[in-house]
Each structure stands twice: as structure tokens, then as C-alpha cells.
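Subject: Handing over the two-chain model

Dear colleague,

Please find below the sequence and the structure that I promised to pass on to you. Once you have had a look, read on for an account of what was found.

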Amino acid sequence: MECPIQSRENADLLLAYCARKLEPRTAAILERHMESCPDCRAFGDEQRSVWAALDRWDAQPVSPVFDRRLYQRLEAEEHRGWWDRAVRPWLPRAWRPAFPLAAASVLVAAVLLFRSPAPVGFPETNQAEAVDMDLERVERTLDDLEMLRQLNLMARVEAPSLQPM
Amino acid sequence: MNERVNNDMVAVAALEPDTELMLRVKEGDTASFALLLERHRAPVIHFLYRMVQNQAVAEELAQEVFLRVYRARTSYEPTAKFTTWLFRIAMHLALNSLRDGKNERGQESLDVETPAAPGRQIADRKPTVEQDLVHEVKLREVRRAIHLLPAKQRAAVLMHKYHELEYSQIARVLNCSESAVKSLLFRAYETLRVRLAHLV
């Protein structure tokens, strides 16, 4: 057998042996090798000590209210809206309380921004006056143009008589 | 490719009672979820406790693990052993917690005496005060040695030592190759052998 310490390929054999997870046939072969290999023997002894040390660490008992709390959370999960269920897992925990407020603010801002613009400016009476003023100006301009046209015609008619004979 | 995945799923479902239970949860059977919780509650909490070394944080993270399992029920596909999937979720949450330092605020001091396990309080062989003290000192050393390991090595050792996961399972949980897991474990145990040598 190739020495497990020398070849990293078989190093897990030693770990498995110390964890008593090695099948009996391979364990027997390894034990025969360890009898003649002081490095592997030392490794095995040390690893068994580590294993025993780790065995000292017992886990603590689980809180008796663990299941009750979990089922409460599952029930709350069931009653949450689809939007909350979709968005909540992606939000950092610290942001979660602020999210509804932020969402409401965004909604209000969007409504204000995209609402159809209301008539802004002059009251109706002022607008009517402005339209009347514009019409008067147009009429006056047209009158002026007509007067100019007639003056022009008169000038043409009178022009030959003014010429010297 | 799809055929292979389907074959894997059938094989896993056929071999694993947990996978069958989870498939029933997927169909809306809440009693099966209760059974899964009963079977895996303690191992998940114990793994998380040893990862973050704080019981309250470990239980909070375990709640999140089972919530995630429940949330994922509709999309669950048995492509791996249920335990592998469960430990993958737990490990992911533990690493996030360690990274964010959430457990530091309330971290149980390594000097605080933890409650003795029920198995050590046998009436006719009650340990003396001195034996208790020696046990506590040694336990503190073990916890400290584990705590000082890099997170991935720590997770690998805990899954290997306390939960007896196979190399292939640990590899899937840690998202690496089996040979990488063997290497991680070898280095981790090497460090532990040095740190715990004085306890022998």
C-alpha cells in the first residue's frame, strides 16, 4: 500500500479511518501499513485525539418555542400580498420598515409628475379680453392695408396728369 | 442532458424519504413539512450554532432556512439529496451572517460557560467541580480552535465531523470539487491537531 501521508491522494483514507468510516477490508490494509509506518501511526493517534476533543462539544438544546415561531412566520407569509412576497426577499433587512413609506412617496411623486396639466394662467374673462384685443388689432391692420392699397391706386391714377406735356 | 437530469431526479426520489416528503410538500401537504422540520430542526440549528457560535443567532438563521425551504416548495426539483440542499441554504445564511458580523453584537463569549449536556449529568457518576472546570476549559479551547478556522474549512469540518455528510455532499454544499473538499478537510484537521495538541 502506498503511504497515505506521502501521497495526498490517499490522505482521506487516514481521516476516514479515524472517523471509523472506512470499510473493514481497507481498514485492515491500512492498519497493517500503520504498524510499519511511524508517520501514519502518529497521524492516526493525533487525529483520534482531535476527534475525541471535538466530541466534547455538545450542541445546546433547541428553544421550545422554535416551531411555534416558525409556524407563525409561515402563516404571516401565506397572508402577505404578492408584491410583498416578490420584493421582500430582495430587500436588505434594515430597509424593510422604510420600504412602504418610500414606495408611497414614489407613487405620489409619479402621480404629480404625470398627471395631465391643468389650465394654468389667466382666468376665463381675461382670456376673452385678450382674444378680443387680438381681433381688434387684426381688423385695424387689415384696415390700414386697405387704406394703403387705395392710396396707391389713387397715386397711379393721378400720376399721368402730373407729367409735363 | 435533460434525460440525465430526469434520471437523477427519479433516482434521488426513489432513494430518499426526505425527497419524497419534500415532493409531497410541493403538492401542498403541510404534514410532510412538519415531518421534515421534526427530522432536520436539530441538525440545522446545531450546525448553525457551531458555525456562528451564538444560539440565538443560530435559531434565527434556522428559522430563515425553513422559511426558504417552504417558499421554494413550488419550484423544488429533487436534483440532489434533500440534506445537501438544506445544508447549502444553511451554509449560505451562516456565511452571510458571519460576513455581515450580525452575530458579533450578541456573540456568546467563548469564556461563558455553556449548559452541560444532559448525558454528562448521570446521578450515580456526577462529575466533581474540578472535573467540570477541566471540561469547561477544554471545551473552550475546542470552540476557539473551530472559531479560528476559515469559514469554509469550519463548515467542512462541522459537516464531516458532526453531521457525517459524504465528501460528495460537502462538495455540493460548498460548491467545489470532492478533491477540494478533501484538501480543505486535511488542512483544517492539520490546524486543529496543532491547536488542540495540548489537550491530549
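How many helices and how many strands does chain B have? Chain B has 10 helices and zero strands, and please keep in mind throughout that this is a predicted model. Chain A is likewise described by its helices, of which there are seven, with zero strands.

**The two chains**

Of the 200 residues of chain B, 34% count as buried, while of the 165 residues of chain A, 10% count as buried. If you consider contacts between residues at least 6 apart in sequence, 68% of those in chain B join residues at least 24 apart, and for chain A the corresponding figure is 51%.

**Where the chains touch**

Between the chains, 23 residues of chain A are in contact with 30 residues of chain B. On the side of chain A that touches chain B, the elements giving two or more residues are α1, α3 and α4 of chain A, and α4(A) gives the most, with seven residues. Sorted by class, the residues on this side of chain A comprise 11 nonpolar, four polar and eight charged.

One residue to look at here is A:Ala59, which lies in the loop between α3 and α4 (66-78) of chain A. If its neighbours within four places in sequence are left aside, A:Ala59 is in contact with B:His46 and B:Tyr49. Is A:Ala59 buried or exposed, or something in between? A:Ala59 has 18 other C-beta atoms within 10 Å, and therefore counts as partly exposed, since a residue is called buried at 20 or more such atoms and exposed at 12 or fewer.

Helix α10 of chain B, which covers residues 178-195, has 18 residues and reaches 26 Å from its first C-alpha to its last, close to the 26 Å expected at 1.5 Å a residue. Its buried residues are B:Val181, B:Lys182, B:Leu184, B:Leu185, B:Ala188, B:Tyr189 and B:Leu192. Seen down the axis of α10(B), these buried residues fall within an arc of 160 degrees, so they line one face of the helix. What do they pack against? In chain A the partners are α1 (11-18) and α3 (38-55), and in chain B they are α7 (129-147), α8 (151-161) and α9 (167-174).

Helix α4 of chain B, covering residues 55-71, can be checked in a similar way: its 17 residues should span 24 Å at 1.5 Å a residue, and its end C-alpha atoms are 24 Å apart, which agrees. Among the buried residues of α4(B) are B:Gln55 and B:Glu59, together with B:Val57, B:Leu61 and B:Phe66.

**How helices cross in chain B**

Two packed helices are described by the angle between their axes and the distance between the axes. The axes of α3(B), which runs over residues 30-52, and of α8(B) come within 10 Å and cross at roughly 145 degrees, and the crossing is right-handed. Here B:Phe47, B:Arg50 and B:Met51 in α3(B) meet B:Arg154, B:Ala155 and B:Leu158 in α8(B), and the residues of this contact divide into four nonpolar, no polar and two charged.

Helix α8(B) also packs with α9(B), at an angle of about 145 degrees and with the axes 10 Å apart, again in a right-handed crossing. From α8(B) the contact takes B:Lys152, B:Ala155, B:Ala156, B:Met159 and B:His160, and from α9(B) it takes B:Ile170, B:Val173 and B:Leu174. By class, this contact has six nonpolar residues, one polar and one charged.

**Two backbone angles to check**

Most residues other than glycine have a negative phi. Against that background, please look at A:Arg20, which has a positive phi of about 60 degrees although it is not a glycine. A:Arg20 sits in the loop between α1 and α2 (24-36) of chain A, and with 9 C-beta neighbours inside 10 Å it counts as exposed.

In chain B, B:Asn175 has a positive phi of about 60 degrees too, and is not a glycine. Its place is in the loop between α9 and α10 of chain B, and B:Asn175 is exposed, with 11 other C-beta atoms within 10 Å.

With best wishes

How values were computed. Residues numbered from 1 in each chain as written. Chains lettered and ligands numbered in written order. Predicted model: local features only at pLDDT ≥ 70, side-chain atom pairs only at ≥ 80, totals over all residues. Helix = DSSP H or I, 4+ residues; strand = E, 2+ residues; numbered from the N terminus. Expected span 1.5 Å × (residues − 1). Arc of directions from axis to C-beta. Contact = placed C-beta atoms within 7 Å. Nonpolar A, V, L, I, M, F, W, Y, C, P; charged D, E, K, R; others polar. Axes fitted to C-alpha atoms, helices over the stretch in contact; angles between N-to-C directions. Left-handed = near helix turned anticlockwise from the far one by under 90°.
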